[in-house]
Amino acid sequence: MELFIKQPFDEFMALQYERITENQVHIYLPVKPLFLNSLGVVHGGIISSLADVAMCNVPEGDGSGVQTVVTVDLKVSFLRAAIGEYLVAHATTVKEGKNLVHAECQIFNDQQVLVAKASAILFAK
């Protein structure tokens, strides 16, 4: 069974996946110059995408690498400038209902400093 979603966007971002438990994943993002804004920190859109991908990968793929949830609500709070060689998203499910999954995510830099946090509601297909 495929444990993670496989899609070109994730490959473009060079994401690396690690399943920690049934309800938790860590997703690593190597920081590329392309991901930096004009201030030299990781762009908020990249951080938002990392959080979204991480939370959507907590529920396992369908066996062929196709996602089983889609995001219907996403909230991201930026806590400090994201700098470093990589970022890592720690995502977990909070509650799984019949059709909705509530998930949370914390994003750390390579110094293990919390730079952002996110929450999402995912619709289970």
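Val 70, Val 72, Leu 100 and Phe 123 together form a nonpolar patch on the surface, with about 300 Å² of accessible area. This is a predicted model, in which local features need pLDDT of at least 70 and side-chain atom pairs count only at pLDDT 80 or more, while totals for chains, interfaces and linings use all residues. Residues are numbered from 1 along each chain as its sequence is written, and side-chain values use heavy atoms, with hydrogens and water left out.

**Surface patch**
- Patches consist of residues with over 30% relative accessible area and no salt bridge; like charges are joined within 9 Å, and nonpolar side chains (Val, Leu, Ile, Met, Phe, Trp, Tyr) within 5 Å.
- A salt bridge is a side-chain nitrogen of Lys or Arg within 4 Å of a carboxyl oxygen of Asp or Glu.
- Accessible areas come from the Shrake-Rupley method with a 1.4 Å probe, and for residues only the protein chains shown count as cover.
- Val 70 belongs to strand E3 (residues 69-78) and, at 31% relative accessibility, counts as partly exposed.
- Buried means under 20% relative accessible area, exposed over 50%, and partly exposed in between (1.4 Å probe, protein chains only).

**Overall architecture**
- The protein has two helices and six strands; these are DSSP runs numbered from the N terminus, with helices (H or I) of at least four residues and strands (E) of at least two.
- From the N terminus on, the order of elements is α-β-β-α-β-β-β-β.
- The radius of gyration of the protein is 14 Å, close to the 14 Å that the globule rule gives for 125 residues, so the protein is as compact as a globular protein of that length.
- That radius is taken over C-alpha atoms, and the globule rule is 2.2 Å times the number of residues to the power 0.38.
- The C-alpha trace spans about 45 × 25 × 25 Å along its principal axes.
- Of the 125 residues, 37% count as buried.
- The protein exposes about 6,700 Å², of which carbon and sulfur atoms supply 53%.

**Buried residues and their contacts**
- Ile 5 is found in the segment before helix H1 (8-12) and is buried, with a relative accessible area of 2%.
- Beyond its neighbours within four places in sequence, Ile 5 is in contact (heavy atoms within 4.5 Å) with Asp 10, Tyr 17, Cys 56, Asn 57, Gly 65 and Gln 67.
- Ile 5 and Tyr 17 are 12 residues apart in sequence and 9.8 Å apart in space, C-alpha to C-alpha.
- Thr 93, in strand E4 (residues 86-96), counts as buried at 14% relative accessibility.
- Not counting residues up to four places away in sequence, Thr 93 touches Asn 23, Val 58, Val 101, His 102 and Ala 103.
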